[in-house]
Amino acid sequence: MQGGGGVSCAVAGEAPTPPAAHHGPRSRQCLGLTIDPAGEVEAPAERVGRLVRESPVVIFARRGCCMCHVMRRLLAAVGAHATVIEVEEAAEEEAAASAAAAAAVPALFVGGAPVGGLDGLMGLHLSGLLVPRLREVGALCG
């Protein structure tokens with residue numbers, strides 16, 4: 001795949017980069033994330049691994065996913081803003097993200113470790129482990 005094929009990124013609460021900065025019809029670069037570094041073409045599993053390492057909190061989701069919206073709102077309520085990577089349905093990145101998280105999309109990663117989907121996030125939150133984990137990975141101040 002070239003030009004980020006099937007992956008775009010947006011950070012919850014942040015404006016996307018202006019259209020002139022886009023590097024493909026549906027790809028964007030946001031806050032230090034690189035979709036295809038220096039024009040290199042990565043295998044989907046490698047791309048997912050790199051994107052997860054580049055940000056402390058990452059959600060892979062489909063556009064308009066209500067579960068992703070709930071996940072972003074919960075994270076924002078505790079003071080963390082997730083990097084949201086939108087994948088096209090049936091895209092290789094979606095399969096790679098789902099496999100890496102051992103869950104369907106949306107798939108959440110905190111500090112590079114898979115949390116799962118909305119149920120995994122809610123489990124962390126209800127057990128009282130979410131905020132300490134977010135602090136540990138540098139997603140929260142204080």
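Of the chain's 142 residues, 42% count as buried, that is, under 20% relative accessible area, with over 50% called exposed and the range in between partly exposed (1.4 Å probe, protein chains only). The model is predicted: local features need pLDDT of at least 70, side-chain atom pairs count only at pLDDT 80 or more, and totals for chains, interfaces and linings use all residues. Residues are numbered from 1 along each chain as its sequence is written, and side-chain values use heavy atoms, with hydrogens and water left out.

Start with confidence. pLDDT is the predictor's confidence in each residue, from 0 to 100. Its mean over the chain is 74. A value of 70 or more is reached by 61% of the residues. Where pLDDT is low, the predicted coordinates should not be read in detail.

Next, the layout. The chain has 5 helices and 5 strands. These are DSSP runs numbered from the N terminus, helices being H or I with at least four residues and strands E with at least two. From the N terminus, the order is β-α-β-α-β-α-β-β-α-α. Take the contacts between residues at least 6 apart in sequence: 59% of them join residues at least 24 apart.

Strand β3 covers residues 83-87 and includes Ile 85. Ile 85 counts as buried because its relative accessibility is 0%. Its C-alpha atom is separated by 9.8 Å from that of Ala 107, 22 residues away along the chain.

Now the helices. Two packed helices are described by the angle between their axes and the distance between the axes. Helix α2 (residues 66-77) packs with helix α4 (residues 118-126) at about 25°, and their axes are 10 Å apart. Axes are lines fitted to C-alpha atoms, for helices over the stretch in contact, and angles run from 0 to 180 degrees between N-to-C directions. The angle therefore makes α2 roughly parallel to α4, a label for angles under 35 degrees. From α2, the contact takes Met 67, Val 70, Met 71, Leu 74 and Leu 75. From α4 come Leu 118, Leu 121, Met 122 and His 125. By class, this contact has 8 nonpolar, 1 polar and no charged residues.

Finally, look at His 125 in α4. His 125 is partly exposed, with a relative accessible area of 32%. Beyond its neighbours within four places in sequence, His 125 contacts Leu 74, Val 78 and Leu 130. The C-alpha atoms of His 125 and Val 78 are separated by 9.6 Å, and the two residues are 47 apart along the chain.

Technical notes:
Angles under 35 degrees count as roughly parallel, over 145 as roughly antiparallel, 65 to 115 as roughly perpendicular and the rest as oblique. Contact means heavy atoms within 4.5 Å. Ala, Val, Leu, Ile, Met, Phe, Trp, Tyr, Cys and Pro count as nonpolar, Asp, Glu, Lys and Arg as charged, and the others, Gly among them, as polar.
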